[in-house]
Protein chains: 4
Amino acid sequence: MKEIRIGLIGTGYIGRAHAIAYAQAPTVFPLKGQLIREMVADINAERACEQAKLLGFRRSSGDWRELVADPNIDVVDICTPNYLHKEMVLEAIKHGKHIYCEKPLALNSLDAKQMVEAAARAGVKTLVGFNYMKNPTAQLAKEIIANGEIGDVVHFYGTHNEDYMADPLSPIHWHCFKEQAGLGALGDLAAHIINMAQYLVADIMTVCGDMETVVKMRPEQVGSSTLVAVENEDQAHAMVRFNTGAMGVIETSRIACGRKMGLTYVVTGTKGTLSFSQERMAELQLYRHDDPANRQGFKTILVGPEHPDYAPFCNGAGHGIGFNDQKTVEVRDLIDGIALNQDMWPDFTEGWKVSRILDAIARSHQEKRWVHVTEIN
Amino acid sequence: MKEIRIGLIGTGYIGRAHAIAYAQAPTVFPLKGQLIREMVADINAERACEQAKLLGFRRSSGDWRELVADPNIDVVDICTPNYLHKEMVLEAIKHGKHIYCEKPLALNSLDAKQMVEAAARAGVKTLVGFNYMKNPTAQLAKEIIANGEIGDVVHFYGTHNEDYMADPLSPIHWHCFKEQAGLGALGDLAAHIINMAQYLVADIMTVCGDMETVVKMRPEQVGSSTLVAVENEDQAHAMVRFNTGAMGVIETSRIACGRKMGLTYVVTGTKGTLSFSQERMAELQLYRHDDPANRQGFKTILVGPEHPDYAPFCNGAGHGIGFNDQKTVEVRDLIDGIALNQDMWPDFTEGWKVSRILDAIARSHQEKRWVHVTEIN
Amino acid sequence: MKEIRIGLIGTGYIGRAHAIAYAQAPTVFPLKGQLIREMVADINAERACEQAKLLGFRRSSGDWRELVADPNIDVVDICTPNYLHKEMVLEAIKHGKHIYCEKPLALNSLDAKQMVEAAARAGVKTLVGFNYMKNPTAQLAKEIIANGEIGDVVHFYGTHNEDYMADPLSPIHWHCFKEQAGLGALGDLAAHIINMAQYLVADIMTVCGDMETVVKMRPEQVGSSTLVAVENEDQAHAMVRFNTGAMGVIETSRIACGRKMGLTYVVTGTKGTLSFSQERMAELQLYRHDDPANRQGFKTILVGPEHPDYAPFCNGAGHGIGFNDQKTVEVRDLIDGIALNQDMWPDFTEGWKVSRILDAIARSHQEKRWVHVTEIN
Amino acid sequence: MKEIRIGLIGTGYIGRAHAIAYAQAPTVFPLKGQLIREMVADINAERACEQAKLLGFRRSSGDWRELVADPNIDVVDICTPNYLHKEMVLEAIKHGKHIYCEKPLALNSLDAKQMVEAAARAGVKTLVGFNYMKNPTAQLAKEIIANGEIGDVVHFYGTHNEDYMADPLSPIHWHCFKEQAGLGALGDLAAHIINMAQYLVADIMTVCGDMETVVKMRPEQVGSSTLVAVENEDQAHAMVRFNTGAMGVIETSRIACGRKMGLTYVVTGTKGTLSFSQERMAELQLYRHDDPANRQGFKTILVGPEHPDYAPFCNGAGHGIGFNDQKTVEVRDLIDGIALNQDMWPDFTEGWKVSRILDAIARSHQEKRWVHVTEIN
């Protein structure tokens, strides 16, 4: 079996999740390629070395440029802050590497587009870490919609709300600066739900958005009395129209008290409705309007081995899947895509489309009008 | 105790609810006036007579004009289709009657404003049937917000979705015609959630809306092959800004499969969040961000005798309140307001404000831009 | 229409609920008889008079014996503490009155049996206030089971848990004394769920129970340092076998923290399962095992006009029913039963059967063995 | 770091789960020993070889005796049908191996006791696969109870219900035969909830049970018309008393329609209540009776990094944990226990205590009386 050697850049929150997925994927799935945890790069050599050991990688480096240039790396996996994605991606592509990059793909749509074009020119494969699409429950939702079980979609309501910055005394960090993060909650969180909307319904064509930086200043550090300006939005929402004409609403917030993993959606069709919350990631609510009038209701389907990509984890329905299991499905897609020379999804093009919608929402807010996504580069 | 004699016009769906509330209110509450079910008017004398008997009224008439002119009527209660409200209200005011009118107050804001002015000139008291505000759970939500328990409100998401017209073969009726209903789902349903938004948060200042008639033609009657055009929207949503700067989203639909009583709200504050669904009308979800980090979560509060207006129905918490109980609280407000010569809420001014917002949403949709409510008459 | 004149004894918690039901029933339902709120008796003449006014009754008396003897009373409605039921019932029967008595029918099975026999000899009609059976949702559950939609019932789990005495400093009251209440949580609460079990499944034949007085002493009054012994159980549970062979568990507690109206049941059949909680009294969970394997799940049915006895309250599904609405259905059964000379259900015989099961559980606990209900008188 | 070399016997449903846990544990946790996936044994050499490759083990064997005798194995992990546990365990102990054995430990208490004694004599460490105790949510429940946050436990209600044999046409398999499985639902499922009861509350002292084989004959194979007798119970329940005097009910079923992973518990204390369902394995409901009367309710706590053993999987609360993550915690306990020469929990003694309670329930059913667990060997 062909070896597929991974070079992981960044070992924070999401880098760890990738590493766990790499660890379990070969046991969970009969992968089409041999996954090798080859090298870790991190901000300094010592930490990189330590993390490589903890995460089960063979080698390490304190310099990401060394990693992307290494001939024994097939896939460069980018788990760094948003502002570093572009440079790393372009450099890795220069070395002909396949790319597995965390969302949001770039600080803005223009950057994302350049990355799409670079990848296309180099003929490398790309995958963006929109892991919630890999949840078996999301795949089930997709299947139900594709089967026509809820008829034609007429409305989509989706959120990605969290409360990790709800406390106004929570200190400033890179997510709050335009140069490092680009947009705020939109880029960090809404990217997921927009990708989900397009996965489940159709491409979004026009948007009209509103946003707000609720907490305008934050302490420089925990307990500090020095306040620093927050440069991007804490919360945003937008009305959208899909290319089918279906209407939608997207909401996002990083200060939504009580939402720990508030990716939710309600997809209303002409014959039924789906409802989902990632906080109960293993269940999907399905309503069918053609049930007898006196037996109508939302049915709670617990994801199980009859549903996509669940059985490899467990053969018992309702036994539960976790956050890292989604990443494990994503890694399966990565390894199989490269091994079989097949396109992966969501690729950079999808990542760029999401960025374009995010930028369109921001422009719409500035100009107080509906924006067509094609207005954005 | 002063007699307060009710004249009820219309005995359909909502007229019956009023009648049930009149029946139980004097036993539930120690009313400040003596409620007399005096007269029913309906479309013909026979039906009026029959309904008066069924609903416990003393007299009846096939002519509403007779009712509003009757000297032994103190309150005219209007439960007829929307397009009749204005004429009846103005005529009743002419005879000096207090008015209890169902929502939406009028076909449009301009009409509503005339009704406000007529009532003001005549010095009669007015009450609009936004019954969901009378739910003890809604009053509890109001109390929690007013106490500052969730801090400053930064976001409101509210829906009033139902599926009573989800079936495209469901025949046309008066709700679908502009002349009889005015707006569609907005007027019939969203009026409630807009009123709730203003009750719980603040006045709405600007709106930006979108709407769609999803089912464009409907059978003339059940099973008929003759199709008739639907003239108003099946679904709509809007972004709003409150006068506090808080952001909001309002959604409404009469074709939202699975929603039987889909009035819901999520009120997010700087210190906590409230979440509610009228389908579980006796419970409120409260999240407090100042709970210890390892004991945070949404708490399901079952409405009980410690909460407003519950104890008169039952002294046991969690025993449940029903749709008509809300109307019974509303009737208590009506009788006490008149008996004690106090203003009632929501009055015609509030009804007009809701109509103005509805019209602003419709205009916003037409002109594809944000509309300030003061642009509407 | 025949007049049916009610004499109500007791105007506490449950007496008020009866009064509210009397007030609304004639408007909600097209009753077959003319319900007259004739007379109230309470512990002293003054309170009786005051309550009669508040609750809409014509006359009052400080002496219940006067009420039961009054020739213008057709139905004696007994809402007094348990220990008074027997004497009042027997006296009322002596005067040929129909009886509407709150649960538990008597302090013990033997008393209940005497009451059954007295009623039978006198040929009067009887009804026991097991109101939760009148919930449209319970009727829907019954219909689903009777239709065979969940196959043969193989297991029943039912609870009636509340927390009204959870606080050990909550003072003693009559419910805690054997002479006044008989059993504790079993008599006060479990009576309901046992009646429900027999309504939904079949008659219970054998029982094996356990019980405990968790809080053994309580303050004489709020804040008092004088402690008084609690004489009956705070919590109990029992295994049961129905006459069909189905197995069951019954649980009850008056100290179950967090349960405000914890009447719940899970009915498991060979083809499906029903699940219900009275705290969400307007919804029923239905699982059908013959759904396709990848679309199985519990469906949340919101009670609506397609279900029994809901439409008279409201023609919109999911709009909600309240505690008093159940009593209103019960009052409809009372009035129609008497007007049409039909048997009512649950009658004294059913009340006695429940008492017999309660006594069997208590005996089982004492003797630490399974008890057949026929061992109890 | 010390190598800890695993020999896995059995690669079915649960063997796979162990393998996945072995794969991810070293990346998730900083283990105290170096986990080596050394050898797999399965029913024939070919399958063993194939599974070893799929599951990431170095070597394989078609003979479990070879595995337990192998000098390069430190831990024997037994994932075979119940009836094989005893022989394998005793043989492995003979070779001085530490044992990691799936539940139920043995076919009966007597066998389990022999295994406990053999392990004690040999001084090997033991761990039984009661994985649900390793759920961070269960650990949180334990912490809450241990802290006294719900006061003294007065009642426990626990279930382990599934529906994997609900269909009467589902064919016979080894779980249905006494010689291979011992008890039915009790051994297969209730073992978990009994272990949980003892983990959360205290040791169980006396039991009184009832059980039933509902589906008495099953097809020999799918579609076969030859029927074979089921030899053990489909469902059972029992009343129990803990050594603290607290009362409990245990329920189990393998034919409980709709229950996919129906391990649930309600722990009622003098000051609060906990409620949990494994189908929503990442959330715990907590009620505190000392909350203000008008703010009481069950709080839904989503498990997160502030809770035990969650952060290594993900640093975001509410992001979800899955079935295999529990096994991963269990494997952490195994490796660290052996590496640090510390006792593990639940060990064979705990496994035996569970078996003893299961046998006591069965005897109680046969003899129709309460049984003290010390009556069982």
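Which residue just after α9(A) takes a positive phi? In this predicted model, that residue is A:N341, whose phi is about 55°. Residues are numbered from 1 along each chain as its sequence is written, while chains are lettered from A and ligands numbered from 1 in the order in which they are written. Because the model is predicted, local features need pLDDT of at least 70 and side-chain atom pairs count only at pLDDT 80 or more, whereas totals for chains, interfaces and linings use all residues, and side-chain values use heavy atoms, with hydrogens and water left out.

**Chain A: annotated span and helix α9**

- UniProt, in an unreviewed entry, lists residues 4-130 of chain A as "domain: Gfo/Idh/MocA-like oxidoreductase N-terminal"; its positions are given in the numbering used here, feature names are shortened, and annotations may be inferred rather than shown by experiment.
- The span 4-130 of chain A is 47% helix and 22% strand, and its end C-alpha atoms lie 21 Å apart; helices (H or I, at least four residues) and strands (E, at least two) are DSSP runs numbered from the N terminus.
- Helix α9 of chain A, residues 323-339, reaches 25 Å from its first C-alpha to its last over 17 residues, close to the 24 Å expected at 1.5 Å a residue, where the expected span is 1.5 Å times one less than the number of residues.
- Because 16 of its 17 residues are buried, α9(A) is largely enclosed by the rest of the structure; buried means under 20% relative accessible area, exposed over 50%, and partly exposed in between (1.4 Å probe, protein chains only).

**How the chains are related**

**Chain C: the parallel sheet**

- Six strands form an open sheet in the order β3-β2-β1-β4-β5-β6, with parallel pairing; two strands pair if DSSP finds at least two bridges between them.
- Strands β3 (59-61) and β6 (126-128) of chain C stand at the edges with a single partner strand each, so one side of each is left without a neighbour in the sheet.
- Strands β1 (residues 3-9) and β2 (residues 34-41) of chain C pair in the parallel sense over 7 bridges, and C:I4 has C:L35 as its bridge partner in β2(C).

**Chain C: strand β12 and its partners**

- All of β12(C), residues 247-253, is buried, at 7 of its 7 residues.
- Strand β7 (residues 153-161) of chain C runs parallel to β12(C) and is joined to it by 7 bridges, with C:H160 opposite C:T252.
- Strand β11 (residues 235-242) of chain C runs antiparallel to β12(C), also with 7 bridges, and the two form a hairpin with 4 residues between them, where C:G245 in the turn has a positive phi of about 95°.
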